[in-house]
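Here's a quick walk through one model, taken piece by piece. Have the sequence and the coordinates open as you read.

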Amino acid sequence: MTYSFPRLVREALRGNQGWSPAWRDPAPRAHYDVVIIGGGGHGLATAHYLAKEHGITDVAVLEKGWIGGGNAGRNTTIIRSNYLLPGNERFYEKSMQLWEGLEQDLNYNAMVSQRSVINLFQTDAGRDAAARRGNNMILFGAGAELLDVDDVRRLCPFLDFDNARFPIKGALRQRRGGTARHDAVVWGYARAADRRGVDIIQNCEVTGMRIERGRITGVETTRGVIGAGRVGMAVAGNTTRVADMAGIRLPIESHVLQAFVSESIKPLIDQVVTFGAGHFYISQSDKGSLVFGGDLDGYNSYAQRGGLPILEDVAECCVSMIPGSSRLRLLRSWGGVMDMTMDGSPIIDRTPIEGLFLNGGWCIGGFKATPASGWCFAHTIATGQPHHLNSAMRLDRFLTGHVLDEIGTGATPNRH
Ligand SMILES: Cc1cc2nc3c(=O)[nH]c(=O)nc-3n(C[C@H](O)[C@H](O)[C@H](O)COP(=O)(O)OP(=O)(O)OC[C@H]3O[C@@H](n4cnc5c(N)ncnc54)[C@H](O)[C@@H]3O)c2cc1C
């Protein structure tokens, strides 16, 4: 069923009785050409692009809970393509271009809002780093502007510009950055993949891998054994656990990241703003809540909940940046499990097991990557080779030393 304005009018006039479910609820079949483990944004996007770009429709997406119940439905919804290293920037710029056409491609309102992302800096060294990053973004067609303090004052009058400890000196702005409604992204990809014949199977946990003579032949699940010609892992924070089933050890640690939402207020912040002096980012939802987050909790965990020390840290950053926020009440918070690689960049690659592919290591920033991640992972699974857009995201970079260390200090999950 296509969503359109005439269809909306027709359904409104007949009591919305004509809508059918957005995707089917099929029972798993005994064998698929491709099985994707993980029904988050990345797994569903991979299924969509496998069907759309490569004509591979004999595909199942296996999700242990409900689709979007992992990080895809828990993030702070920021999208951007403002990276420094070419190996990252060309990939994230592809993602931004896919975001820009996503709603037409999926026939689904994902509420993509290019409201701009503003990265503040408080030091001269911060300005130099922003200029360097901005120049690279311009080279890759992503667009960037270096703002002086008066420009920032005009755009974000609510900030504390003369904070004695963190005086704002300017910002790097990407106008095309912004936010997208994370649940809608999941539902849009699910519906589009389902329409092309992909089976989306929820409440189906993968518990083991069937490997014969170095080649994957299927997966064991809570709903029985499912044979597969090729298997793709896209399980985010559970990457090490699932890879372990195939005897693969990865340079990944799982950590908790929390998000926080305030009570609703009138429109105040019409961009995404990041602190610069500390790790903190904030935007305002369409309902009026301020949505914000900061650092990892700082200990290894597979639990989707965090502790109070990070709340204190994030609240301090928030009040330093926006003093008026001290009078806001916090409505709710939640946690997600991050798959932190040791250089802070993701992995989209084959594995040493024939037919088994890996998509993981997204750290704290994989939501913005969802379209390009699915697009590149689909290409890698379909052709058996990485696309040039994900050619720097190989697993063996940790062996050869060709790491993609965006901030020059690694992901440092143990230092947070
Ligand atoms: C608080 C928070 C804020 C964030 N903010 C941002 C942001 O602003 N911008 C940004 O770009 N990124 C952000 N991220 C990161 C981003 O959400 C993730 O990197 C991205 O969502 C990971 O990919 P995914 O959507 O496929 O993961 P998920 O949605 O976690 O999907 C993986 C799925 O695999 C399933 N699974 C796991 N094990 C199994 C198994 N054995 N069998 C079957 N299924 C299994 C899980 O249930 C899960 O649904 C944030 C994350 C969090 C937690």
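## A buried arginine

Arg-115 is buried, with a relative accessible area of 18%. Here buried means under 20% relative accessible area, exposed means over 50%, and partly exposed is in between, using a 1.4 Å probe and protein chains only. You'll find Arg-115 in the loop between helix 4 (102-106) and strand 4. Helices (H or I, at least four residues) and strands (E, at least two) are DSSP runs numbered from the N terminus. The Arg-115 side chain makes a polar contact with the side chain of Thr-179, at 3.3 Å. A polar contact is a pair of N or O atoms within 3.5 Å; within protein, one must be able to donate a hydrogen and the other to accept it, and residues adjacent in sequence count only if both atoms are side-chain atoms.

A word on the source: this is a predicted model, so local features need pLDDT of at least 70 and side-chain atom pairs count only at pLDDT 80 or more, while totals for chains, interfaces and linings use all residues. Residues are numbered from 1 along each chain as its sequence is written, and side-chain values use heavy atoms, with hydrogens and water left out.

## Strand 6 and its two partners

How many of the residues of strand 6 (residues 170-174) are buried? Five of its five are, so by the buried cut-off of under 20% this strand is mostly covered. In a regular strand the side chains alternate between the two faces of the sheet. In strand 6, Gly-170, Leu-172 and Gln-174 point one way and Ala-171 and Arg-173 the other, and all are buried.

Strand 6 has antiparallel partners to look at. Strand 4 (residues 117-121) is joined to strand 6 by five bridges, and the two run antiparallel; two strands pair if DSSP finds at least two bridges between them. Val-117 sits opposite Gln-174 in that pairing. Strand 5 (residues 145-148) also pairs with strand 6 in the antiparallel sense, over four bridges, and there Glu-145 has Arg-173 as its bridge partner.

## Around the ligand

Now for the ligand. There are 37 residues around it, and Glu-63, Asn-71, Ala-72, Thr-76 and Lys-368 come nearest. A residue counts as near if one of its heavy atoms lies within 4 Å. By class, that shell has 17 nonpolar, 15 polar and five charged residues. In this scheme Ala, Val, Leu, Ile, Met, Phe, Trp, Tyr, Cys and Pro are nonpolar, Asp, Glu, Lys and Arg are charged, and the others, Gly among them, are polar. Helix 2 (41-54), strand 12 (252-264) and strand 16 (330-341) each supply at least two shell residues, and strand 12 gives the most, with three.

Which atoms of the backbone come up against the ligand? A backbone N or O atom of His-42 lies 3.1 Å from a ligand oxygen atom. For Val-206, a backbone N or O atom is 2.9 Å from a ligand nitrogen atom, and for Gly-366 one is 2.9 Å from a ligand oxygen atom. Taken alone the ligand exposes 1,000 Å², and the protein buries 96% of that; these areas come from the Shrake-Rupley method with a 1.4 Å probe, and for residues only the protein chains shown count as cover.

## Hairpins

Six bridges join strand 9 to strand 10 (residues 215-221), running antiparallel. Their hairpin has two residues between the strands, and Arg-213 takes a positive phi near 45° there.

Further along, strand 13 (residues 272-274) is joined to strand 14 by two bridges, again antiparallel, with Val-273 opposite Ile-282. Six residues lie between these strands in the hairpin, where Gly-276 has a positive phi near 90°. Strand 14 also pairs with strand 15 (residues 289-300) in the antiparallel sense, over four bridges, and Tyr-281 has Gly-293 as its bridge partner. That hairpin has four residues between the strands, and Gly-288 takes a positive phi near 105°. In strand 14 (residues 281-284), Tyr-281 and Ser-283 point one way, Ile-282 and Gln-284 the other, and all are buried.

## Cysteines

The structure holds zero disulfides, a disulfide being a pair of cysteine sulfur atoms within 2.5 Å. For Cys-317, the nearest cysteine sulfur is that of Cys-318, 8.5 Å away. Cys-317 is buried, with a relative accessible area of 11%. For Cys-376, the nearest is the sulfur of Cys-363, 17 Å away, and Cys-376 is buried at a relative accessible area of 0%.
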